[in-house]
Amino acid sequence: MDGLIVKLIGFYENYDRTVFTRYKDKVKYWLTFNEVNSVLHAPFMSGGIATLMEKLSKQELYQAVYHELVASASATKIGHDINPDFKIGCMVLAMPAYGMTANSLEQLAIHEFENQNYLSRIFMHVGNIRLTLKDISKKHSIGIQFAPGDDEILKNIVDFISFSYYMSVAQHTIQKTIRLVKEILWVVLKIPTLRNLSGVGAIDPIGLRLVLNDFYNRYQLPLFIVENGLAAKDVLVDGPDGSTVEDDYLRKHLMQVSEALQDGVELWGYTTWGTIDLVSASTAEFSKRYGFIYVDRNDDDSGSLARYKKKSFAWYKSVIVSNGAALYK
């Protein structure tokens, strides 16, 4: 392994030891990385890789993935050594893809897409990571460089699977034959039966239930939803208690979480993204609103910063107070 990489992972391990030791009696649940699989699509924002995406080779990208997995597995071991009661996960971005036709080749292509998006058990630290990396190396005709001793480190798998869920996408494949090689081109389409967000996907509560069942059946580990929210342009309306937003995203998604629990999924926790409207990390917009508290602020920095409780605020409070009994009210 490159000396600079070893040094960088060492910095991360020192950070892990410091934080784990400081909070070993106060914090039980930990995540080593945030949306770790998004490095495949946003290498700089998600992985700190300075090379432009269009200039980044598959070799460089997957080698970076490997180093990140080693760092994550090492953090998992360090945490368990400091406090065996720690529950440690590595969080991924979940976004199911649907085919727009009943074409079996299209469904197969979507299956391949999802395996690449999640990198299957690799990002979950479940199973033989090195073997899976070798399969990826062969598929992409690259050679991931493995370091001595990493096999043992990579055996430190997570205690639970954690993920973010915002939306789903529908995709259509266009197959082109170039020198006998089939190339699949993806086109993101609107889903006719769902509310579609501008150019990014669709609001899909049932998709969350599908992800919960898929992950639990695939990995047989407890799950934790650590981000669930909506990037939409809310509109203030007059209500009986003042201005509010008539939103139902949170209610519909939590109802599907309840359905997944009845399916037999083991879920350890749920947190929203977020409590209050905030600047979008992906686009730096304030108009992409996530919280159940509306903030009077616009993308041009105008607005009074006044706060307004959305409809979901009182509903979510009642669900928490009733320990879920008010879920369907």
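Student: Leaving aside its neighbours within four places in sequence, which residues is arginine 209 in contact with?

Tutor: Contact means that heavy atoms lie within 4.5 Å, and by that rule arginine 209 touches Gln256, Glu259, Ala260 and Asp263 once its neighbours within four places in sequence are set aside. This is a predicted model, in which local features need pLDDT of at least 70 and side-chain atom pairs count only at pLDDT 80 or more, while totals for chains, interfaces and linings use all residues. Residues are numbered from 1 along each chain as its sequence is written, and side-chain values use heavy atoms, with hydrogens and water left out.

Student: Why does aspartate 248 count as partly exposed?

Tutor: Buried means under 20% relative accessible area, exposed means over 50%, and partly exposed is in between, with a 1.4 Å probe and protein chains only. Aspartate 248 counts as partly exposed because its relative accessibility is 33%; it sits in the loop between strand 11 (242-244) and helix 8 (249-263). Arginine 209, with a relative accessible area of 25%, is partly exposed. Across the protein chain, buried residues make up 45% of the 329 residues.

Student: Which residues of the largest nonpolar core touch the most other members?

Tutor: A nonpolar core is a set of buried Ala, Val, Leu, Ile, Met, Phe, Trp, Tyr and Cys residues joined through side-chain atoms within 4.5 Å. Here the largest has 53 residues, of which Phe163, Leu212, Phe215, Leu223, Ile225 and Leu254 touch the most other members. Helix 3 (residues 58-82) gives this core its largest share, nine residues. Apart from it lies another core, of six residues, including Val19 and Phe86.

Student: How are the residues of the lining of the largest cavity divided into nonpolar, polar and charged?

Tutor: Ala, Val, Leu, Ile, Met, Phe, Trp, Tyr, Cys and Pro count as nonpolar, Asp, Glu, Lys and Arg as charged, and the others, Gly among them, as polar. In this lining, six residues are nonpolar, six are polar and four are charged.

Notes. Helices (H or I, at least four residues) and strands (E, at least two) are DSSP runs, numbered from the N terminus.
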